[in-house]
Amino acid sequence: MQEPEKTNLYLVPTPIGNLEDITLRAIRILKEVDVILAEDTRTSGKLLQHLGIEKRMHSHHLHNEHKATAHIVDRLKAGEVMALISDAGTPGISDPGFFLVRECLKNNLKVECLPGATAFVPALVKSGFSTDRFTFEGFLPIKKGRQTRLQSLAEEERTMIFYESPHRLLKTLTQFKEYFGGERMVSVSREISKMFEETLNGTLDELIQTFTTKAIKGEFVIVVQGSK
């Protein structure tokens, strides 16, 4: 019987809020690998402590990703097995991971991504908008290319999903009104799976008015209904 191909790198989703949102398989993999690559070792250290896992960690984030990847690939080729985790959610979704995965595949190293927590799926499903076809846009460019991106999405018929920080939420909703129209339906979720989780639905005009007078805290997922 042929032995299963050895996995060199595991992408392991971690909770986006509620610490119970991690799979039994994810916990097992984190215990079994030789090294855990973490976006922020302090943040991940708290999670590992909560799970009762003692494991070597190395920092792997957007600022050192390109520089560190070649060394990591060499170690994987030498036989080490590693797991990549981000601060929250699935690595590679608006978090480090893409570059390392690409280089591993170039070097014929097996990469496996475990299913698990990610913020945009629950926000999309509970928005009430069509899930048959959707586009994940993540974070919009802060300056260069922002208007071009919004113009290109003005007639998008699929449901659109965006991530946004609290201090840019109102600006983003106002720009959506400019390009999509104030009557376009939108769903805004914050703090998904956390104690103060909240989802507000309405037109862009309505939610702009709401957030003009409402305290804006937490990390946001904005789901915009496609054009009709």
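**Figure 1. Thr-14, a buried loop residue.** At 0% relative accessibility, Thr-14 counts as buried in this predicted model, because buried means under 20% relative accessible area. Thr-14 sits in the loop that runs between strand 1 (9-11) and helix 1 (24-32). Which residues does Thr-14 touch, leaving aside those up to four places away in sequence? Its contacts are Leu-47, Ile-85, Ser-86, Asp-87, Ala-88, Gly-89 and Ala-117.

**Figure 2. Helix 1 and what its buried residues pack against.** Let us follow the chain onward to helix 1. Here Ala-26, Ile-27, Ile-29 and Leu-30 are buried. Looking down the axis of helix 1, these buried residues fall within an arc of 165 degrees, so they line one face of the helix. Leu-24 and Glu-32 are exposed, on the face of helix 1 turned away from the buried side. Packing against the buried residues of helix 1 are strand 1, strand 2 (35-38), helix 2 (41-51) and strand 4 (82-85).

**Figure 3. Helix 6, with a buried and an exposed side.** In helix 6 (residues 146-153), the buried residues are Arg-146, Leu-150 and Leu-153. Viewed down the axis of helix 6, they fall within an arc of 65 degrees, so they line one face of the helix. Gln-147, Thr-148, Gln-151 and Ser-152 are exposed on the other side of helix 6. What covers the buried residues of helix 6? The cover includes strand 6 (134-138), strand 7 (159-164) and helix 7 (169-180).

**Figure 4. Phe-139 and Tyr-163, an edge-to-face pair.** How many aromatic pairs does a search of the whole structure find? The search finds seven. In the pair formed by Phe-139 and Tyr-163, the ring centres are 5.7 Å apart and the planes stand at 70 degrees, so the pair is edge-to-face. Phe-139 belongs to the loop between strand 6 and helix 6 and Tyr-163 to strand 7, so the pair ties together parts that are 24 residues apart in sequence. Phe-139 is partly exposed, at 39% relative accessibility, whereas Tyr-163 is buried, with a relative accessible area of 9%.

**Figure 5. Phe-162 and Phe-176, a tilted pair.** The rings of Phe-162 and Phe-176 have centres 4.7 Å apart and planes at 45 degrees, so the pair is tilted. Phe-162 in strand 7 and Phe-176 in helix 7 are 14 residues apart, and their pairing links distant parts of the chain. Are these two residues, Phe-162 and Phe-176, buried or exposed? Both Phe-162 and Phe-176 are buried.

**Figure 6. An aromatic cluster that includes Phe-139 and Tyr-163.**

**Figure 7. The largest pocket and its lining.** The largest pocket has a volume of about 500 Å³. It is lined by 22 residues, and those closest to its centre are Ala-88, Ala-119, Phe-139, Tyr-163 and Glu-219. Strand 7 and strand 10 (220-224) each contribute at least two residues to the lining of the largest pocket. How many of the lining residues are nonpolar, polar and charged? The lining of the largest pocket divides into nine nonpolar, five polar and eight charged residues.

Key
Residues numbered from 1 in each chain as written. Predicted model: local features only at pLDDT ≥ 70, side-chain atom pairs only at ≥ 80, totals over all residues. Heavy atoms only, no water. Buried < 20%, exposed > 50% of the residue type's maximum accessible area, 1.4 Å probe, protein only. Helix = DSSP H or I, 4+ residues; strand = E, 2+ residues; numbered from the N terminus. Arc of directions from axis to C-beta. Contact = heavy atoms within 4.5 Å. Phe/Tyr/Trp six-rings, centres within 6.5 Å; stacked < 30°, edge-to-face > 60°. 1 Å grid on protein atoms, 1.4 Å probe; cavity = no way out; pocket = protein on both sides within 12 Å on 5 of 7 lines; lining within 4 Å. Points joined across faces, edges and corners; volume = space filled by probe spheres on them. Nonpolar A, V, L, I, M, F, W, Y, C, P; charged D, E, K, R; others polar.
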